Amino acid sequence: MTIQWFPGHMAKARREVSEKIKYVDIVFELIDARLPLSSRNPMMDQIVQQKPRLILLNKGDLADKEQNQKWQQYFQEKGYHTLIINAQQNKGVNKIVPEAKKALKEKIERERAKGLKPRAIRAMCIGIPNVGKSTLMNRLVGKKIAQTGNKPGVTKGQQWLRSGTELELLDTPGILWPKFEDQEIGKKLALTGAIKDQLLHLDDLAIYGLSFFSRFYPERLIERYRLTEEETFLPPAELLMLISQKRGYRDDYDRASEMIIQEIRSSKLGPYTLDRWEELGAINDES
């Protein structure tokens, strides 16, 4: 299964972000806490350049809590200001402006020393599709201005949004990159909903998801699908067929695959993290 999705509006958005980055003080990089590395666009370092950056691990409630803490520490050790948030439930969002001020402390102090009047922080929010940018924008602004949707590609243009007197936000569409060098990244993005399902082979994706849960959270499969411990060791394709039978889908593996994917995405199998902190060394070796 080869996964790729880079429609025309993403290429246009990338150009616009590059043009407007000079107008902002700080970049809010929103990533999915379930895949802290795989949901980072590798082109962003080039686009953002030396701008201060606040990394927001969104959907923290959907991710493994222990992994969340490890990844937050990882980014902090890299020199980034970092927060774990849940924009959907408005958790941690109130910490964003104070943390942005910490990241911009030197700049704010320089302006104050020059006698300049304090102004609102200008921030650009970037991230891949379906990572929750529009939901975050609406939370920060306090009303529904940015369009949201539980599917990638909802935001198509750029817009400035005002958040009280302390923050001005430039919203941007979700931007992927032209080619996934590692198809494992494509599968992770697809499993969490960052790529349109119409472009995917759902049975392959369900098998990938089952393989992951068999390895890291087998007890979740046992509980959700009433499996025995021995059955979790079956090859993932056989496991898909077994679950299809148990759920009454018989040989309708497409329907069973769609069900499994949706249950993973909706946390019916509990919180999970696809990018494993303990495998970070192997990830770096491959990059």
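How many aromatic pairs does a search of the whole structure find? The count is 9. Keep in mind that you're looking at a predicted model.

**Stop 1: Trp71 and Phe75.** Select these two and show their side chains. They make a tilted aromatic pair, with 6.3 Å from centre to centre and 35 degrees between the planes. Now show helix α3, residues 65–77: Trp71 and Phe75 are 4 residues apart in it, so about one helical turn separates them. Are they buried or exposed? Both Trp71 and Phe75 are buried.

**Stop 2: Phe212 and Phe213.** Hop over to this pair, which is edge-to-face: the centres are 5.5 Å apart and the planes are at 85 degrees. Phe212 and Phe213 are both buried too.

**Stop 3: charges over rings.** Stay with Phe216 and bring up Arg276, which lies over the face of that ring, 4.4 Å from its centre. Then pick Lys70 and Trp277: here Lys70 lies over the face of Trp277, at 4.8 Å from the ring centre.

**Stop 4: the cores.** Select Phe28, Leu56, Ile96, Leu136, Leu169 and Ile260. In the largest nonpolar core, which has 54 residues, these six touch the most other members. Domain 1 (7–170) and domain 2 (201–282) each supply at least three residues to the core. Last, pick Ile21, Met44, Val48 and Ile126, which are among the 11 residues of another core, apart from the largest one.

Key
Residues numbered from 1 in each chain as written. Predicted model: local features only at pLDDT ≥ 70, side-chain atom pairs only at ≥ 80, totals over all residues. Heavy atoms only, no water. Phe/Tyr/Trp six-rings, centres within 6.5 Å; stacked < 30°, edge-to-face > 60°. Helix = DSSP H or I, 4+ residues; strand = E, 2+ residues; numbered from the N terminus. Buried < 20%, exposed > 50% of the residue type's maximum accessible area, 1.4 Å probe, protein only. Lys NZ or Arg CZ within 6 Å of the ring centre and 35° of its normal. Core = buried A, V, L, I, M, F, W, Y, C linked by side-chain atoms within 4.5 Å. Domains from an automatic or database assignment.
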